[in-house]
Amino acid sequence: MIGYSGVVSGLGLITDFLNTVDERSFSRRGTVHTGGERLTSPGALADWLAEHGLADRTDPVGRADLAAAVALRTALRRSLTGDDDGAAALAEHPLALLPDGSGGLQLAARSGRPWLDAIVETVAVAAARGDWGRVKLCAAPDCRWAFHDTSRSGRGRWCDMNVCGNRHKTRAYRRRHQRAS
């Protein structure tokens, strides 16, 4: 149920989860950035969950848990790109309204994995509040880093304007000037 006492909450938790896969493959100042997969084993998942206050390092995490986490992450990333394939995977995470004990209601996921439920509930609350539209993947094809768009208009495209935005604008400038000459 929502309210899990995690270290990272809200959109920060969502973007951190989405960025457990790093698709970046660009060069910057002579250094090649090569991405990778952070969730490579049940132990790596357990470490990530503990770092984010979603579970203790002693909580058992198995291969099925790892598969469930990667499937949810993939579905969420696909939903950010408008890929319809993500909808089927998200349907595997139904939510229920439950009394919260004080006369109110709360959203609750029931996967049997409290840490997975916390992530699904956080996404659901963000979607209900309209904040999900502020979670984006960088528009640079050699980046695709998930970020929280804090621009006033909500039309941010780059995870970092000084890196990805600048590279895009520099490439566009060079293309225009090559065509002109």
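Me: Are Phe 17 and Trp 48 buried or exposed?
Reply: Phe 17 is buried, as is Trp 48; buried means under 20% relative accessible area, exposed over 50% and partly exposed in between, with a 1.4 Å probe and protein chains only. The model is predicted, so local features need pLDDT of at least 70 and side-chain atom pairs count only at pLDDT 80 or more, while totals for chains, interfaces and linings use all residues. Residues are numbered from 1 along each chain as its sequence is written, and side-chain values use heavy atoms, leaving out hydrogens and water.

Me: How many aromatic pairs does a search of the whole structure find?
Reply: The search finds one. Phe 17 and Trp 48 form this tilted pair, at 5.7 Å centre to centre with 55° between the planes. Rings of Phe, Tyr and Trp (its six-membered ring) pair if their centres lie within 6.5 Å; planes under 30 degrees apart are stacked, over 60 edge-to-face, and the rest tilted.

Me: Which residue lies over the face of Trp 145?
Reply: Arg 24 does, at 3.9 Å from the ring centre. The criterion is NZ of Lys or CZ of Arg within 6 Å of the ring centre and within 35 degrees of the ring normal.

Me: On to cysteines: how many disulfides are found?
Reply: The whole-structure search finds zero disulfides, a disulfide being a pair of cysteine sulfur atoms within 2.5 Å. For Cys 138, the nearest cysteine sulfur is that of Cys 164, 3.7 Å away.
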